[in-house]
Amino acid sequence: MAGVPEILASLSAPDNTLRKQAEEAMREQRTNNPQGFFTGLLQVATTPGSSDQEMAAMLLKKLYVDKRTEENGLWQLTGDDYTQLKNAVVASLDFTQSVSHLKRKADLVCACYREIKNYPELITSLVALLQSQEDVNKKVYAMYIFELLAEYHLPQDQIIQNSDQFIQLFTGCLQDPNMTVKEAALKAITSFLGSIDDETTVMKYQPAMDWLLDVVIEVLRQDEDKGKASLESLIELSQNHGEIWSQVTQKLLYVVSQIVQNKSFEEGTRQSALEIIGTIAESTPQLLRKHTEELKTNLFPALIHMLAEPLHEDSIEDWAEAVEEELQARNDPASVAADNVNRIASHLGEKVMIKCSTHLIKEAIEQQGSWQLRQAGYLFLGMISDTCKESFIKSMDDVMRMSASGLLDAHPRVRYEALTSLGLLLTELAPNAQKKFHSQLVEVLLRMMANEDLIKLKTQACSCMVNFVRGLIDEDALIDESSDAQKEYSRILAPYSANIVSTITGLFQLSLNKSYAPLQEEVLGLLSCLANVLEGKFAEHYGLFMPGLKQILATMPMETAAQQELRAHCIQTIGFILTAVKDQPEVCKADALEVATVLTQMLNSGRIADTDAQFLAIQNTLSQIGTCIKQEFRQFLPHIMPALFRDVKRDIDLKIQDADLAGKADDGNTAMNVKIAGMEGARQISMNTTALENKINAIGIIKNLASSLGVGFFEYVEQVATLLKDELLLYPYAKAVRKAAAKTMVFLMNACNDSNQMKALFNHVYPTWKASIDKYLKRCDFSELKYIMSEFKKCVNQFENFAQTGEVFMDLQEMNDLIRLLGEVVKDVREDRTERFKQFATAKKKMDEEDIEYFHEDIKKVDKIENFAMEIAGIIISVYKGQVSDAFKQHLLMHFAVTLQDFKGKFDYEILNAVCFFCDVVEYGGEDLFAMTAQNATVKFLECITTFPSDMGLVQSAGYGLGAIAKRAPQGQCPGLGDIVRVLKAIVDEPDSRTDEDKVECTDNIIGALGKCVLFQNLGTAATKEFLNLLPLYSDSTEAQSIHKLLFEQIIAGNPVLTEVKAEVVGCVQRIIRISNEKPELELLDDQGKEKAQVIAGML
């Protein structure tokens, strides 16, 4: 079998043993006789009439041209070899051969030109071939070469230089009378255009798009499989260059709409057509927004009809027994349409969707003769609810009435989709919809949960109730446990809690009797949400559920996936219930300790696999128990921290390799193939997504434990901090890991026992923080930089009290370098904004209103980084004061001064950032910095107040700055004192200044500023009395505590301004102390203020 002909013959033999022998012989020849084997293959590939020509050509490319890793270290072709190979193959071209034979030779020819880089010669030969008027195979061969050139990435200068000629060639083939040539041209032009980087060059091909669509239609009529392939080619084209459809968008929408609603086409064909529009919506949404009439009359009606093709529409029984998968996992027409409605809506935006689809939804819902269309209408409504949130809030009565009407429909499938729609709306319109419609909705949903005949409908009603209750969870309450909103929501739900508990108790038993996992999941989810909202009020129901949940945990086997899922849901529910009653240890402490013991034993038993649903449930619930029993949870840390550290350190097994060589991904790994421009063939990217999910979850749990336990977590702080520093903050493979790690740092700082430990921890990790900021600043990756700066700011904020204690948290050299870095951040953010506005000025003519809104929203998100830099700078100067004045002058001052020089064209938040920056400068900066800035800052603060009188945030900040200047300037030397007092007093004297909710916090700060003028600039007895009569402050607790403490300090210090009005001072102090005692919730005095109040009480 040593000869080439024998090897080739055996490779295609039916006998598997013979094929394996041939493969071994081929490998031996490639290794030990590479040149001889090359010559033999070339001879066969170029010999007329040889039956193995195609096989020989394929092997030549694979073994000698592709430069595979398997051939590394073996003999390789040189430049001359490629030229000789190309010449031999071109000379052997016989256009009477099959297209398959010709394509294999084209593969070789194109690969050789890639190496010798003589593209002009190749282009000349292609032009000659395409000038043949009758030879179909020549044209197909030439078009295939163009397709390959896209893969090899023809140099851009060649594309631009020959673009007119290429357009003529492509257009000619698209209009060719032969369908095979048209198909080849369609594939070639779509691939070729994908390789072009220059948008202007691509747009030259726009006239060919009309012919392209005609070819697609013609191919679909003759051969649906080929037509589907043609549609898939258009998807890739639309992804790369959606704007190329601008001249034929109307036609494209019509063609796609016709395909989508044509039930005679296969589902895959219809999906491919719809994918074209979905892709354009993502890449070039403004193109579709310009054609609202076609969306309204063609595409959206087609989608409604596709939504009206649900699975099992002929059998309620089959539908009722089918388990619902995630929407994205389904391939039936209705699910594909629903997913695309949501996708298209998210990119086209609210205004277009409201304008083009509202009437269609109403028409579908009112179709009494078709339950399919009615359920389609509700499904469409649900799918656009997130995009149309603002409009739906404005018309909430109508939208909720329309959605809820479906709950009374005679057909169960319409009721099911109405519940789906209502659930989605309750998520988007929360908590407004819950607050307004709770009395009607809860009753109806409970009745459906109890009385629907089908368990599937009971489950969906329960799911809708979950959304209702979840909408009453105030996310801010997770941070501020005294949230007034959460108390209000708890009051709303409390009257229904007994009925909800009674209903879900019965449903849970039903789900166990029927072994119906979906209902189990929803019931336990509802129970968790109910506990979360009711908080302490859930205690009265605690005894109904906790024993049963513990019993399931103790007795339910964990052998099957269904059993593991049920146990996981029970574990999660236990966590939420314990969290709800965490402030009632007499209710929950014993159970919390018992469950924690069981869960830690399970976690370390070796029986819980990473892929077991219980794995994450156990870790998360242990974290919640930590919140519940706090310091008593420390005993469990040695049992759970090793598992968490193991998960944090997991290798996600990321691999990038040739897709042809990769084979099946390893167990537990997820793989996807991608095409990379300029590289032949696809690449497979694979990773262990379970390991990644566990890594992210473990970091989050460590963060929660540090937050819950505080100093009780300290023994693990150094180990976690080292992981953050050495691995996680700069983890290269997943932003979610980096983000979770960054969020953990502040809680580690709070777990320190004293300021020295906190400083040591901060400085241990700081080099990585700095490297991270540097890295993403250089990349102009502002998405990454935003969360990094946000979390870094939280860490620096922990040193805020150092302004009073006189401590510092970094050496001065490091601090000055940090200030330099902050200046770089501000500079680069502003330069990016300037550059993007230049691009915006050019692109604006192609943008619609939605695009412009998105642009400004994105600018605002990036500009948030500047706000973080400003706040960090404020903490720094408050702590280091005059020590950093020079660094502030050099790196930061001018950036913010420029903003205040001219307000024109500035965003309100830009001006506010600059005002806040200068407030910190004049309050804390060195004497030289104060002298340098006070005069101009006074002018600009006053200008802000008079120019933007209705912007309470800006008025409040500017007013505070004026007070800081008045406090610090020597008496009688305060710049613009008369204007300051006049402007501040005018604000306080407004009739509603202390009653209008939008003004009261601002007024407190203005009164505080006025008080500093009184106390430190001596405005006279009348002004002093007037100020004292305005106290206490009570709307802004931070300012109230500061001003009251300042007043007490000045009384103790014997400020002569106050000694002249002793009676009024006594009355004011007594008033502040009395109200502080009577209404502690107002927080009028901090601890230092209370101490000084006691001193003054003794003095008076």
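The following legends describe an overview and several close-up views of a predicted model. Local features require pLDDT of at least 70 and side-chain atom pairs pLDDT 80 or more, whereas totals for chains, interfaces and linings use all residues. Residues are numbered from 1 along each chain as its sequence is written, and side-chain values use heavy atoms, with hydrogens and water left out.

**Figure 1. Overview of the chain.** The secondary structure comprises 56 helices and 3 strands; helices (H or I, at least four residues) and strands (E, at least two) are DSSP runs, numbered from the N terminus. The C-alpha trace spans about 120 × 70 × 60 Å along its principal axes. Of the 1100 residues, 54% count as buried; buried means under 20% relative accessible area, exposed over 50%, and partly exposed in between (1.4 Å probe, protein chains only). The chain exposes about 47500 Å², of which carbon and sulfur atoms supply 49%; accessible areas come from the Shrake-Rupley method with a 1.4 Å probe, and for residues only the protein chains shown count as cover. Among contacts with a separation of 6 or more, 72% are between residues 24 or more positions apart, a contact being heavy atoms within 4.5 Å.

**Figure 2. The aromatic pair of F95 and Y141.** The structure holds 34 aromatic pairs. F95 and Y141 form one that is edge-to-face, at 5.5 Å centre to centre and with 80° between the planes. Rings of Phe, Tyr and Trp (its six-membered ring) pair if their centres lie within 6.5 Å; planes under 30 degrees apart count as stacked, over 60 as edge-to-face and the rest as tilted. The pair links distant parts of the chain, 46 residues apart: F95 lies in the loop between α5 (79-91) and α6 (99-116), and Y141 in helix α8 (residues 136-152). F95 counts as buried because its relative accessibility is 15%; Y141 is likewise buried, with a relative accessible area of 5%.

**Figure 3. Charged side chains over tyrosine rings.** The charged end of R30 sits over the ring of Y64, 4.2 Å from its centre. A charge sits over a ring if NZ of Lys or CZ of Arg is within 6 Å of the ring centre and within 35 degrees of the ring normal.

Figure 4. F762, Y766, W769, F792, F799, F802, F809 and Y880 form one aromatic cluster. W769 is also in contact with A742, as are L729, Y787 and E791, leaving aside neighbours of A742 within four places in sequence. A742 is placed in helix α39 (residues 735-750) and counts as buried because its relative accessibility is 1%. A742 and L730, 12 residues apart in sequence, are 9.7 Å apart in space, C-alpha to C-alpha.

Figure 5. V533 lies in helix α30 (residues 517-534) and is buried, at 0% relative accessibility. Not counting residues up to four places away in sequence, V533 touches V469, L472, I473, Q486, Y489, S490 and L493. The C-alpha atoms of V533 and L493, 40 residues apart along the chain, are separated by 7.8 Å. E535 lies in the loop between α30 and α31 (539-555), with phi near 50°, a positive value in a residue other than glycine. At 27% relative accessibility, E535 counts as partly exposed.

**Figure 6. Two cis peptide bonds.** The peptide bond from A430 to P431 is cis, with omega near -5°. P431 is placed in the loop between α25 (412-428) and α26 (432-451). A cis peptide bond also joins L1031 and P1032, with omega about 10°. P1032 is found in the loop between α52 (1021-1029) and α53.

**Figure 7. A nonpolar surface patch that includes I1052.** I1052, V1095 and M1099 form a nonpolar patch on the surface, with about 250 Å² of accessible area together. Patches are made of residues with over 30% relative accessible area and no salt bridge: like charges are joined within 9 Å, nonpolar side chains (Val, Leu, Ile, Met, Phe, Trp, Tyr) within 5 Å. A salt bridge is a side-chain nitrogen of Lys or Arg within 4 Å of a carboxyl oxygen of Asp or Glu. I1052 is found in helix α53 (residues 1037-1053) and counts as partly exposed, at 37% relative accessibility.
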